[in-house]
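Here is a friendly briefing to read alongside the model. Please have the sequence and the structure open as you go.

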Amino acid sequence: MEHKKLKAFPKNFLWGSASAAYQVEGAHDEDGKGLSVWDNFVRIPGKTFQGTTGDIAVDHYHRYKEDVALMAEMGLKSYRFSIAWTRIFPEGRGEINRKGLKFYTDLVDELLAHDIEPVVTLYHWDLPQALEDEYRGWESRRIIEDFVNYAETLFTAFKGKVKYWVSLNEQNIFTQHGWVLATHPPGKVDMKLFYQVNHHANLANAAVINKFHDMAMPGQIGPSFAYTPNYAIDANPLNVLAAENAEEMLAHFWMDVYCYGEYPIAALSYLKENDLMFETEVSDFELLKSAKPDFLGINYYQTAANAWNPKEGGVTLGKMNTTGVKGSGGEQGIPGLYKRVTNPAVERTNWDWEIDPVGLRIALRRITSRYRIPVMITENGLGEYDKLESGKVHDAYRINYLEAHVKAIKEAMSDGAQVIGYHTWSYTDLLSWLNGYQKRYGFVYVDQDERMEGSLKRIPKDSYYWYKSLIENNGDYL
């Protein structure tokens with residue numbers, strides 16, 4: 001639909017940006033921090049681009065005041081960051097590491113002193129290695145109790161200071177990459193185990209949301225989901241069915257559980273027919289039903305066009321593009337369900353991610369219609385090769401990308417969607433999990449590369465000043 005005039009962004013709209021602990025902090029073994037599964041996984045040859053690690057990352061642990069000062073100068077309203085579980089509990093549970101907790105207390109206080117709302121992510125993939133060693137982490141139901149204990153510790157520490165909490169970041173991504181693609185810890189390929197792990201994560205997410213509400217925490221909590229809206233490549237009914245299958249298995253399978261406490265019927269039928277059904281207990285569904293998120297976090301980067309994929313001779317999971325060479329990725333799909341195909345209607349990044357601002361509007365429309373829940377955009381951004389030239393980074397391509405997506409949000413809000421905030425990925429350049437430092441997302445350039453010997457100097461890009469102007473005008477010029 002077209003509107004005569006677009007709705008204005010609310011005056012309290014959270015114009016923000018985001019990061020994750022492992023990707024920015026560094027100081028991987030300082031002040032009592034324990035090892036996470038990522039601290040070990042990056043040391044397996046071939047798992048990351050040119051063997052890059054987060055040992056130093058962009059040294060946010062020692063430079064957070066400098067980074068917050070840049071945020072304040074920009075006029076940032078909110079900053080989403082994650083807390084490293086192993087800084088709080090080096091062994092996953094037990095005695096609190098006071099030095100680790102102090103770092104985050106100091107960071108939160110610094111943000112609040114500059115009128116920047118902290119948005120805290122409890123879990124952004126860095127599981128304590130001790131829990132992986134003890135009971136295989138997410139593969140065991142024991143993770144639920146330990147995750148709730150960790151979360152309760154943070155809720156107690158930051159009650160009244162942190163108003164917005166993200167329970168799990170991209171549960172669909174860390175489970176698939178960890179147990180289907182073997183590109184994240186623990187590096188396994190076991191589809192049935194993947195579904196079991198995912199169920200445990202759902203239970204942990206629900207338990208933490210209930211704990212938050214039981215403690216009468218002043219604020220809001222919700223999970224963050226990486227949503228890639230699915231299209232049919234054309235009007236062929238089989239291709240439409242393939243897109244429906246993809247949406248059911250790759251989107252509803254998570255968001256229905258978050259918002260309704262139920263798995264989609266067609267998805268469960270598929271799992272049972274193909275001997276992939278996970279083990280459950282009666283109380284599981286009571287728990288899932290009882291947990292009500294206050295908002296749904298959405299990480300949006302791209303859409304996916306789908307075509308029919310026959311069970312016999314169909315495309316399976318192919319090679320991902322982790323090189324930055326456009327077109328180097330392989331076809332992806334599940335025989336009998338769907339296959340992802342190239343959409344000629346949109347452009348793609350060098351990592352073959354579709355650039356589709358309209359898709360964000362479609363995503364928000366779908367969520368609004370199906371779930372009737374406020375949305376916080378917890379990630380959206382463009383990863384590209386940024387070049388420092390004469391002390392500056394001219395990233396007009398990022399400005400164009402972000403501006404088009406912000407306008408799509410405004411259009412979706414005019415359609416009736418309730419969006420409470422927008423967080424770009426990312427604030428500074430940071431370590432990409434699989435792509436090292438070559439794939440840059442930030443408003444602030446950081447002198448760091450795969451040799452990890454950079455000066456770590458911070459240099460605002462052109463996009464930094466564009467976002468500053470956008471915030472000052474509350475997006476009114478769009």
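The residues lining the second largest cavity divide into three nonpolar, four polar and five charged (Ala, Val, Leu, Ile, Met, Phe, Trp, Tyr, Cys and Pro count as nonpolar, Asp, Glu, Lys and Arg as charged, and the others, Gly among them, as polar). This is a predicted model, in which local features need pLDDT of at least 70 and side-chain atom pairs count only at pLDDT 80 or more, while totals for chains, interfaces and linings use all residues. Residues are numbered from 1 along each chain as its sequence is written, and side-chain values use heavy atoms, with hydrogens and water left out.

**Cavities**

- On a 1 Å grid over the protein atoms alone, a cavity is a set of points where a 1.4 Å probe fits but cannot get out, and lining residues have an atom within 4 Å of a point.
- Grid points are joined across faces, edges and corners, and a volume is the space filled by probe spheres set on the points.
- Searching the whole structure turns up six cavities of 30 Å³ or more.
- The second largest cavity holds about 70 Å³ of space, and its lining includes Glu-25, His-28, Lys-33, Asp-39, Arg-87 and Asp-126.
- The largest cavity holds about 100 Å³, with a lining of 10 nonpolar, one polar and one charged residues.
- Among the residues lining the largest cavity are Trp-38, Trp-125, Glu-132, Phe-174, His-184, Pro-185 and Pro-186.
- H2 and H8 each supply at least two residues of that lining; helices (H or I, at least four residues) and strands (E, at least two) are DSSP runs, numbered from the N terminus.

**Cis peptide bonds**

- Pro-185 and Pro-186 are joined by a cis peptide bond with omega about 5 degrees, and Pro-186 sits in the loop between helix H8 (171-179) and helix H9 (191-214).
- A cis peptide bond also joins Trp-425 and Ser-426, with omega about 10 degrees.
- Ser-426 belongs to the loop between strand S14 (419-425) and strand S15 (444-446).

**Positive phi values**

- Asp-59, a residue other than glycine, has a positive phi near 60 degrees; its place is the loop between helix H2 (37-41) and helix H3 (60-74).
- Asp-59 is buried, at a relative accessible area of 13% (buried means under 20%, exposed over 50%, partly exposed in between, with a 1.4 Å probe and protein chains only).
- For Asp-352, phi is positive and near 65 degrees, and this residue lies in the loop between strand S11 (347-348) and strand S12 (354-355).

**Strand S1**

- Five of the five residues of S1 are buried, so this strand is largely enclosed by the rest of the structure.
- Leu-14, Gly-16 and Ala-18 are buried on one side of S1, as are Trp-15 and Ser-17 on the other.
- S1 runs parallel to S14, joined by five bridges, and Trp-15 stands opposite Tyr-422.
- With strand S2 (residues 78-82), S1 pairs in the parallel sense over three bridges (two strands pair if DSSP finds at least two bridges between them), and Ala-18 stands opposite Arg-80.

**Helix H15**

- Which residues of H15 (residues 462-472) are buried? They are Ser-463, Tyr-464, Trp-466, Tyr-467, Leu-470 and Ile-471.
- These residues cover an arc of only 165 degrees around the axis, which puts them on the same side of H15; the arc is that of the directions from the helix axis to the C-beta atoms.
- The buried residues of H15 pack against S1, H3, helix H14 (396-415), S14, S15 and strand S16 (458-460), where contact means heavy atoms within 4.5 Å.
- Asn-474 follows H15 and has a positive phi, near 55 degrees.

Methods: 1 Å grid on protein atoms, 1.4 Å probe; cavity = no way out; pocket = protein on both sides within 12 Å on 5 of 7 lines; lining within 4 Å.
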